[in-house]
Amino acid sequence: MTTASRAGRPRASSRETLAEAACELFLEQGYEATSIVDITRRAGVSRSSFFNYFSSKSDVLWSGFDARVDAALVALARLGTDADGAAVRDALRPMLHDLAPDPLALALRHASAMGVEAELMRDTGLRHARLASAIAAAARSAGIEVIRADILGSAFATAVLSSVRVWAERGAGQASLEAQFEDAMRSVHDLPWG
């Protein structure tokens, strides 16, 4: 059984093809004006194929980063009573290592043109809450009192997400995201772990 590829478009996974089509359409006609049907039509796949990979339009932007968040949450939970500032930073670093320019980076850089400012603000808040909660839980496991743990969780989560945003806005691939994160972590230094 052979499959024919679409002319002019190299073979790629349906996930990549859908993400590329979505970003093209968001830039051309805006986020709100783009439907899932538009995306699947542009990608040349069925509507059901979209939902095999994504749960919503905004998931197209975040899916690659969300996998990294999930891995960081597992790493943070494993720290237990051994959690300290250095261990938490080590658990967060893989999220940013080799993060390639992707739909999220494109959306952060071209938020206005795509019409995704409100969407990004809301969805960034959700990722921030997940990260902050996991970091605060790690701090509490290590004996940090609740309010200080919450503050540390929020500060570390902000360092991660702000680093990604600034890196993308400056032109993903033009600067080191890891260096941006280390810079952000130095800003958190005034909130010592212990």
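**A first look**

Reply: Of the contacts in the protein (heavy atoms within 4.5 Å) between residues at least 6 apart in sequence, 66% join residues at least 24 apart.

Me: What kind of model is it, and how are things numbered and counted?

Reply: It is a predicted model, where local features need pLDDT of at least 70, side-chain atom pairs count only at pLDDT 80 or more, and totals for chains, interfaces and linings use all residues. Residues are numbered from 1 along each chain as its sequence is written, and side-chain values use heavy atoms, with hydrogens and water left out.

Me: How many helices and strands does the protein have?

Reply: Ten helices and zero strands. Both are DSSP runs numbered from the N terminus: helices are H or I with at least four residues, strands are E with at least two.

Me: What does the C-alpha trace span along its principal axes?

Reply: About 60 × 35 × 25 Å.

Me: And how many of the 194 residues count as buried?

Reply: 44% of them. Buried means under 20% relative accessible area, exposed over 50%, and partly exposed in between, with a 1.4 Å probe and protein chains only.

Me: What about the accessible surface of the protein?

Reply: It comes to about 10,000 Å², and 53% of that belongs to carbon and sulfur atoms. The areas come from the Shrake-Rupley method with a 1.4 Å probe.

Me: Let's do helix packing. What describes a packed pair?

Reply: Two packed helices are described by the angle between their axes and the distance between the axes.

Me: Start with H1 and H2. How do they cross?

Reply: H1 covers residues 14-29 and H2 covers residues 36-43. Their axes come within 8 Å and cross at roughly 120°. Axes are lines fitted to C-alpha atoms over the stretch in contact, and angles run from 0 to 180 degrees between N-to-C directions. H1 and H2 are therefore oblique to each other. Under 35 degrees counts as roughly parallel, over 145 as roughly antiparallel, 65 to 115 as roughly perpendicular, and the rest as oblique.

Me: Which residues make that contact?

Reply: Among them are Leu18, Ala22 and Glu24 of H1, and Ile39 and Arg42 of H2. The contact divides into seven nonpolar, three polar and four charged residues. Ala, Val, Leu, Ile, Met, Phe, Trp, Tyr, Cys and Pro count as nonpolar, Asp, Glu, Lys and Arg as charged, and the others, Gly among them, as polar.

Me: Now H5. How does it pack on H9?

Reply: The axes of H5 (residues 85-96) and H9 (residues 146-171) come within 11 Å and cross at roughly 25°. That makes H5 roughly parallel to H9. Seven nonpolar, one polar and one charged residues form this contact.

Me: Which residues meet there?

Reply: From H5, Gly85, Val88, Arg89, Leu92, Met95 and Leu96. They meet Phe156, Val160 and Val164 in H9.

Me: And H5 with H10?

Reply: H5 and H10 (residues 177-188) pack at about 145°, with axes 9 Å apart. The H5 side is Arg89, Leu92, Arg93 and Leu96. The contact has five nonpolar, no polar and four charged residues.

Me: Last one. Where is Asp98?

Reply: In the loop between H5 and H6 (103-109). Asp98 is exposed, with a relative accessible area of 57%. Its phi is near 55°, a positive value in a residue other than glycine.
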